[in-house]
Amino acid sequence: MNDKPVTLYRHMKDLPSTHLLGSGTAMCSGCGGLEALHEIYDIIGEKSLYVNAAGCMTLLSVYPFTPFRGSWLYTAMASAAAGAQGVRDALDILLEKKQMKADEDMQVVVLSGDGSAYGMGLSATSSAMERNLDFIYICYDNEGYGNTGQQYSGATPHAARTSTSKGSSGFRGFKKDLFSIWAAHKPTYVATVIGSEPVDLARKIEKAMQLKGPRLILALSPCPTGWDYDPQDSVEIGKLAVKTGIWPLKEYVDGKVRHTKLPKQRLSVDEYLKRQGRFNHLYQPDRNDKLINEIQIDVDDYWSEVVE
Amino acid sequence: MNRVLLTGNGAAAWGARLAQAEYIPAFPITPQTEIIETLAQWIDQDKMTARLVTLESEHSMITAAAAAAVTGVRVFSATSSQGLLYAMEMIYTVSGWRAPFVLVNVSRGLASPITLEPDHNDVLAARDSGCLQIHCSTCQEVLDNTLIAYRLAEDPRVRLPVIVNLDGFYLSFTREPVLLPEIESVKNFIGEYNPENMRFRAHEPMSHAVAVLGGAPYSYFRYQTHLAVENGLAVYDELAKEFEQQFGREYGVIENYFADDADYVFVMMDSFATKAKDAVDKLRATGWAIGLLRPRLIRPFPAERFRTLLSGKKAVAVIDQNISMGMGGVLHSELCTALYGQPQTPEIVASFIGGLGGRDITVEEFFEIAKSIRHADEINQTPSPRLLYTETELREIRKLQSLANVKLHGFGETS
Amino acid sequence: MYRIRFHGRGGQGMKTASRILGTAFFLEGYEVQDAPRYGAERRGAPIFAYVRAAKQTIHERGVIQQPDLVIIADESLASVSSAGTLIGIDKHCVLLIVSNESPESWKHRLNLDCTVLTLAYEQLDIHQISYAGIVCTGAAARLTGIISNETLQRAIKQELAAFDESVVANNLHQALDAYKKMAEHEACVQKSQEISADNYQAPEWITLPFDDANISAPAIHASANSVQIKTGLWRSFRPVIDYQHCKHCWWICSTYCPDGAINVDDSGQPQIDYDHCKGCMVCVAQCPSHAISIIPEQQAEVAAPEVTAIPGDKR
């Protein structure tokens with residue numbers, strides 16, 4: 001970590017204080033995904049074209065209003081990455097043929113929830129990486145099919161209650177490791193971020209913007225509606241996800257994974273879980289030590305292998 | 001102009017090449033694959049300037065096609081059968097983007113059971129999508145109508161995807177003489193694609209294909225797409241006239257083969273319709289007043305034209321190479337809808353379903369169809385819909401079933 | 001209209017044969033339609049291709065049911081009903097078989113009353129079977145009486161433009177040789193009588209009865225009944241085990257045979273199931289003691305007309 005890159009973003013005060021993404025959208029109040037998106041949008045800027053997969057953020061643009069200062073194309077749940085392919089290829093063709101000025105070019109960005117990114121859209125995304133598509137893929141990961149009422153998805157964590165896992169043990173499966181799935185394709189850049197760590201986020205977007213090729217920004221997106229907590233706690237829960245080690249902030253670049261924020265003294269997962277209604281059944285009527293332990297051991301195991 | 005032997009697939013590829021398609025998202029599927037292979041080879045040999053990208057599915061292929069079209073380049077793509085159905089979500093979606101591009105569909109029957117040979121249930125599944133459909137019966141038509149399709153798709157009164165349909169095997173792998181127009185004259189006919197303000201540029205932000213809340217705005221956008229599809233009829237007329245002036249080949253919205261003075265009329269689409277022409281020739285040789293009407297455009301459906309052309313006819317036989325399970329032939333239903341309650345409308349509009357999965361329709365069957373509608377007219381009673389199937393064919397399937405160890409007890413004839 | 005059908009095996013150049021003939025007709029000023037017919041393309045499996053040629057626009061489509069000329073490039077297919085070689089052959093039709101046997105013996109064997117011709121050939125090497133088609137084209141061109149020697153050459157050069165000169169030269173040689181050999185039968189192919197709407201055989205239409213789903217679903221209630229399909233018909237050459245040299249290793253040829261067509265009998269002898277061996281020759285390539293050799297099918301049929309023990313069928 002000697003060769004620290006030059007960055008514009010060292011402190012909170014370095015971040016923009018006015019924001020590019022328009023307000024007035026239909027996202028839930030306290031939406032952690034929107035928080036991450038507006039932070040990202042500030043750095044990527046308005047010379048951008050967002051290709052949107054079906055999910056909560058389908059409703060960012062509802063006729064006749066759009067929050068985007070740049071452009072946006074709504075596709076479908078399975079094929080946003082293919083939409084990015086079509087747009088990128090068309091822009092390249094126009095540039096090659098000099099039918100478009102270079103300054104009319106845009107950063108092509110996919111915007112997708114976890115339902116699409118971890119599931120239905122994965123095939124199109126994997127293929128875009130095969131083709132080394134020059135694009136940024138933003139996944140706002142609220143760990144369930146949020147837009148339809150938080151059914152479990154491939155991103156749902158172990159033991160979480162969702163509307164399709166309401167039993168006493170919650171979701172029996174485990175969260176899929178999308179970071180590693182992406183990294184296995186050897187793309188240009190993969191990073192986890194969270195809106196509650198905006199400096200870390202800004203640096204990563206800054207770095208991603210300096211690169212070309214497939215780049216993933218995987219943003220854990222605390223979701224008051226789906227995770228069942230008071231909207232005012234969104235940032236706090238995001239910070240706890242990092243402090244408990246549940247959401248490691250890291251990046252993959254040049255074949256190496258590097259953690260960008262090491263929780264010095266990791267808090268117990270309790271601190272994160274007990275703040276959210278979706279984990280209530282782990283504490284009431286009685287504390288479910290077995291499940292809570294499983295979650296803690298999982299986190300401990302992860303960090304025991306992290307050498308920095 | 002050079003007259004050469006080309007397959008239907010070759011003709012489609014030439015259409016894309018002459019139209020100077022700039023972007024070709026692709027995915028292989030029999031019997032279409034030869035089209036994208038041909039284009040890929042031309043691009044490799046620098047005979048064509050375009051970017052061909054193989055996506056991982058037809059769903060992605062159509063997404064990329066339309067995304068590129070709305071960014072402002074000329075797009076060609078091709079598929080068939082299961083591929084078209086796999087893409088169906090996007091086929092319906094991208095018409096709403098008002099994305100003009102040309103998609104060639106090489107018709108092939110749908111699973112199950114899976115097969116390779118043609119019928120039209122694949123392309124008719126896209127009937128209500130907002131894509132226009134041009135159906136071809138010769139390789140020449142495939143080439144010429146691919147060119148016309150670009151004008152139609154890009155016309156400001158339409159601005160929609162256009163599907164050009166040809167039958168697998170019967171056209172896709174069959175060579176026929178095709179006149180290849182010179183590229184300069186095609187350039188002259190098609191011109192450059194002008195997306196006007198429907199494109200993505202950094203300094204002209206556009207949020208496209210957005211959601212709506214409420215039925216009224218939704219209905220507005222959907223009706224507008226419907227009106228644009230309907231405009232296709234008059235625009236196709238204009239383009240066909242212009243095409244004829246420039247290239248000398250005539251394309252009507254409905255091909256009329258000796259139907260004007262006919263009492264009896266066959267109605268069918270795509271390549272099997274040339275078999276009906278053969279039957280018309282032979283029937284006429286023995287004194288029949290019979291003809292053929294073949295709709296080239298299925299969407300928009302030329303209802304008014306059919307009313308005029310069929311006015312005063314004694315009887316009509318619609319031969320559908322498709323089947324809407326639980327209803328029957330799609331073209332038959334559509335034609336009846338167009339004709340019902342109109343003055344002078346033929347009283348007999350009989351339905352025949354045949355040619356599914358490439359089952360041949362013999363000239364003798366056309367004779368028999370003609371006879372049965374003449375008889376229906378004489379007794380003034382519309383016959384029940386008929387599935388073209390023979391005793392020999394049923395005997396053959398019984399043999400296959402016995403090889404498959406299917407217990408045949410319980411069906412009428414053998415118990 | 002002329003209606004011509006070519007029968008052969010995948011890999012014998014039937015599609016090219018039909019294309020060259022189609023192009024030759026086209027160059028002679030005819031309207032043309034040519035097409036290959038195959039399911040999923042398989043080397044060695046029976047396939048066919050057809051050509052229609054007429055002075056006026058061709059409206060007829062699809063497989064030719066009433067041919068004027070049928071050419072069988074591979075004589076082993078002549079009597080195989082599943083290959084469909086004889087479909088629609090009537091009195092007026094001409095049948096040409098590439099064979100060293102006499103037309104009379106074929107006429108007798110196939111019980112036909114049409115004109116049967118044969119075209120003698122020299123035994124082709126296993127690597128030369130792709131020339132079978134071109135021989136047929138040359139012969140067909142002469143039999144129609146329409147296509148001149150020069151046109152045939154032009155058509156071949158046009159259709160084989162992608163190949164190098166030696167391949168083209170070899171094809172020209174083969175085609176022109178066949179063209180010459182058919183001189184005495186020039187123009188023997190006659191156009192058939194067109195079917196009349198006054199006098200035709202009506203189709204026996206039926207009303208399709210309803211069958212329960214357990215009958216009418218596309219399901220096979222059997223295990224491994226594919227052995228009823230004699231893929232041995234795909235073969236024009238066969239592997240033959242020389243038991244003098246076979247070391248009875250038991251398993252090498254048997255394991256590697258992709259079709260499971262070699263089984264070891266109780267006495268430890270590998271037996272090739274010729275009903276199913278497709279002639280890929282993997283066994284020949286893998287046999288450690290080089291005890292398996294390749295012989296042309298025709299020779300084998302003379303030597304060992306019938307193989308009775310088929311281990312594969314007993315399972």
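Buried area is the accessible area, taken with a 1.4 Å probe, that two parts lose on being put together, summed over both. The legends below concern a predicted model, in which local features need pLDDT of at least 70 and side-chain atom pairs count only at pLDDT 80 or more, while totals for chains, interfaces and linings use all residues. Residues are numbered from 1 along each chain as its sequence is written, chains are lettered from A and ligands numbered from 1 in the order in which they are written, and side-chain values use heavy atoms, with hydrogens and water left out.

**View 1. The two domains of chain C and the interface between them.**
The domain assignment, whose bounds come from an automatic or database source, divides chain C into domain 1 (2-185) and domain 2 (227-314). The C-alpha centres of domain 1 of chain C and domain 2 of chain C are 31 Å apart, and about 950 Å² is buried between these two domains, with 64% of that area on carbon and sulfur atoms. Contact, meaning heavy atoms within 4.5 Å, brings together 16 residues of domain 1 of chain C and nine residues of domain 2 of chain C. Two residue pairs in polar contact, both residues at pLDDT 80 or more, are found across this interface; a polar contact is a pair of N or O atoms within 3.5 Å, where within protein one must be able to donate a hydrogen and the other to accept it, and where residues adjacent in sequence count only if both atoms are side-chain atoms. The count of salt bridges between the two domains of chain C is zero, a salt bridge being a side-chain nitrogen of Lys or Arg within 4 Å of a carboxyl oxygen of Asp or Glu.

**View 2. The interface of chain C with chain B.**
Between chain C and chain B about 4,200 Å² is buried, 56% of it on carbon and sulfur atoms. On the side of chain C, the residues that lose the most area to chain B are His59(C), Arg61(C) and Trp205(C), which together account for 22% of what that side buries. The contact draws 47 residues from chain C and 54 residues from chain B. Seven salt bridges are counted between chain C and chain B, and Glu194(C) forms a salt bridge with Lys282(B), with the closest N and O atoms 3.3 Å apart. There are also 26 residue pairs in polar contact between chain C and chain B, both residues at pLDDT 80 or more. Helices (H or I, at least four residues) and strands (E, at least two) are DSSP runs numbered from the N terminus, and those that give two or more residues to the side of chain C that touches chain B are α1 (14-27), β2 (31-37) and α6 (213-216) of chain C. Of these elements, β2(C) gives the most, with seven residues.

**View 3. The surroundings of Arg299(B).**
Arg299(B) is found in strand β13 (residues 297-299) of chain B. With a relative accessible area of 15%, Arg299(B) is buried, where buried means under 20% relative accessible area, exposed over 50% and partly exposed in between (1.4 Å probe, protein chains only). The side chains of Arg299(B) and Glu334(B) are joined by a polar contact of 2.8 Å, and a polar atom of the Arg299(B) side chain lies 3.4 Å from the backbone oxygen of Arg127(B). Leaving aside residues up to four places away in sequence, the residues that Arg299(B) touches include Asp128(B), Cys131(B), Leu132(B) and Val229(B).

**View 4. Salt bridges within chain C.**
Asp74(C) and Arg9(C) meet through their side chains in a salt bridge of 2.7 Å, N to O. This pair links distant parts of the chain, 65 residues apart, with Asp74(C) in the loop between β4 (69-72) and β5 (94-98) of chain C and Arg9(C) in strand β1 (residues 2-9) of chain C. Both Asp74(C) and Arg9(C) are buried. A salt bridge of 2.7 Å, N to O, also joins the side chains of Arg52(C) and Glu60(C), and both Arg52(C) and Glu60(C) are buried. In the salt bridge of Asp259(C) with Lys278(C), the closest N and O atoms are 2.8 Å apart. Asp259(C) lies in the loop between α7 (252-256) and β8 (262-264) of chain C and Lys278(C) in the loop between β9 (270-272) and α8 (282-286) of chain C, so this pair ties together parts that are 19 residues apart in sequence. Asp259(C) is partly exposed, at a relative accessible area of 35%, and Lys278(C) is partly exposed at 28%.
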